[in-house]
Structures are given as structure tokens and as C-alpha cells.
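Hello,

Here is the structure I promised to pass on to you. Have a look at it first, and then read my notes below.

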Amino acid sequence: MGTLAENIQNLKSTLPEKVLLIAVSKFKSIDTIQEAWQCGQRVFGENKVQELAMKAPALPSDIEWHFIGHLQTNKVRLLIPHVSVIQSVDSLKLLKEINKEARKIDKTIPCLLQFHIAEEETKFGLNLTEARSLLQSEDFKAMKHVSIRGVMGMASFTSDKDQVNKEFATLRSLFNTLKEEFFPKDSSFRELSMGMSEDYPIALQHGSTMVRIGTAIFGDR
Ligand SMILES: *Cc1c(COP(=O)(O)O)cnc(C)c1O
């Protein structure tokens with residue numbers, strides 16, 4: 001493990017140019033995030049609404065905050081003013097709430113649909129049937145304040161590389177299916193958010209466009 005600056009630099013030099021590095025700053029202090037910002041990092045990921053809403057106003061306004069955790073509908077209102085992208089949309093009900101709160105402040109929120117691709121039951125996310133029914137619904141078609149930009153998923157927490165490969169291949173294929181069925185002419189549907197500190201090299205092999213990296217930047221939480 002190097003210094004914060006070295007870790008960011010090393011990652012940036014290994015990632016393909018078009019892949020967005022999201023620095024996952026959950027549990028990290030405002031000072032630590034400020035230090036990463038001074039290294040040029042501008043995109044950060046958080047998984048708790050309260051934490052993001054506390055940090056965002058205390059840090060430079062050119063930061064792009066991505067919400068990557070499980071989101072409850074009753075927390076959406078607090079999140080909307082601060083967030084740039086919500087990566088963890090896992091129900092129509094949640095998307096309706098995001099649309100409603102975004103409309104109130106005249107914002108359009110880029111969103112990713114989160115898929116359940118891991119073996120662990122504890123992880124959140126849609127399956128293909130649920131995603132199709134969400135995207136086919138009249139409720140969804142009427143929404144003007146959300147924009148679906150792609151998909152997100154977390155692989156199983158395992159050292160079994162074949163398993164991780166299989167899961168990222170699954171997410172890639174879900175992305176392709178939705179692209180073909182619902183967004184063939186929409187060039188803004190293009191994001192495949194997959195890969196964390198331990199598995200991002202495998203995710204890149206499967207076409208990841210966004211990696212969400214915490215430990216490999218900031219050290220252990
Ligand atoms: C914590 C977290 C990450 C980052 O995990 P690391 O192993 O620290 O890189 C990525 N994605 C999500 C959804 C997370 O909750």
C-alpha cells in the first residue's frame with residue numbers, strides 16, 4: 001500500500017482511459033476525502049445517505065457524489081440535493097420516489113439499475129424479469145426526472161476467480177439485453193458499473209466502464 005496520492009496515481013495509470021474511477025469514501029473522514037480531492041480525484045462513492053449528506057456540503061462543490069448503497073424511499077429526499085448519480089436503483093417504487101423528489105428541485109438524476117449477480121442472498125438487486133417489468137411500466141415511461149444510464153452489480157465475495165468471471169459476464173449480458181430491448185438508440189445508456197478493489201481487473205475484462213474502489217485507495221476501513 002502506498003500513500004493516498006500514489007494509490008490514486010497507480011490506479012489511474014492502470015485503468016483504461018474511458019473507465020471512470022469512483023473513490024469509495026465510506027467511513028473516511030472529510031479531511032481524507034479533501035486530500036484525495038487535492039490529488040485530483042473528483043468522483044466519490046458513498047453507501048449511507050446521512051453520511052453523504054453530511055460530507056457533501058463540507059467539501060468542494062465540483063465533487064460528483066455517487067450513491068452506491070441500499071436506498072430506502074424515506075431517505076431519498078435527503079439525498080437528492082447532494083447526489084450526482086444513484087447507482088443502486090432496485091425497485092420501481094424507489095425510482096418513483098427519486099423522480100418525485102428530483103422534480104421538486106428541478107433536477108434530473110442519472111440512475112443505474114442494480115442487479116443481483118452474486119451467490120450471497122444478502123446482496124440487493126433486480127433480476128432480468130423485474131428490470132423488464134420496471135422498464136415496461138407506464139409509471140416508468142412517465143418519469144421525466146430520472147435517466148437510466150446503465151447497470152451496476154457486485155460479485156460474490158470469494159477468491160474463486162471463475163465464479164467472479166461468471167458473475168461479471170452475467171452482468172455484461174444483462175446490460176446487452178436491456179440495451180437491445182429498451183435503449184437501442186439511446187447513447188446515454190452505456191454504463192456498466194462493476195469492479196471493486198479485489199476484483200476490478202476481472203471486471204475490466206468484461207467491459208466495465210466504472211470501477212468503485214475503496215480499500216485500494218484509502219486502506220482498510
Ligand atoms: C464498499 C463498496 C465498494 C468498495 O469496496 P472496496 O473493496 O473497498 O474497494 C464498492 N461498491 C460498493 C457497492 C460498496 O459498498
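How many aromatic pairs does the count come to? Rings of Phe, Tyr and Trp (its six-membered ring) pair if their centres lie within 6.5 Å; planes under 30 degrees apart count as stacked, over 60 as edge-to-face and the rest as tilted. By this rule there are three aromatic pairs.

One of them is F44 with W65, a tilted pair with 5.8 Å from centre to centre and 40° between the planes. F44 sits in strand β2 (residues 43-46) and W65 in strand β3 (residues 64-67), 21 residues apart, and the pair links distant parts of the chain. Strands are DSSP runs of E with at least two residues, helices runs of H or I with at least four, numbered from the N terminus. Both F44 and W65 are buried, meaning under 20% relative accessible area (1.4 Å probe, protein chains only).

F183 and F189 make a stacked pair, 4.1 Å centre to centre with 5° between the planes. F183 counts as buried because its relative accessibility is 9%, and F189 does so at 1%. Together with F175, F183 and F189 form one aromatic cluster.

A word on the background: this is a predicted model, where local features need pLDDT of at least 70, side-chain atom pairs count only at pLDDT 80 or more, and totals for chains, interfaces and linings use all residues. Residues are numbered from 1 along each chain as its sequence is written, and side-chain values use heavy atoms, with hydrogens and water left out.

Best wishes

Technical notes. Buried means under 20% relative accessible area, exposed over 50%, partly exposed in between (1.4 Å probe, protein chains only).
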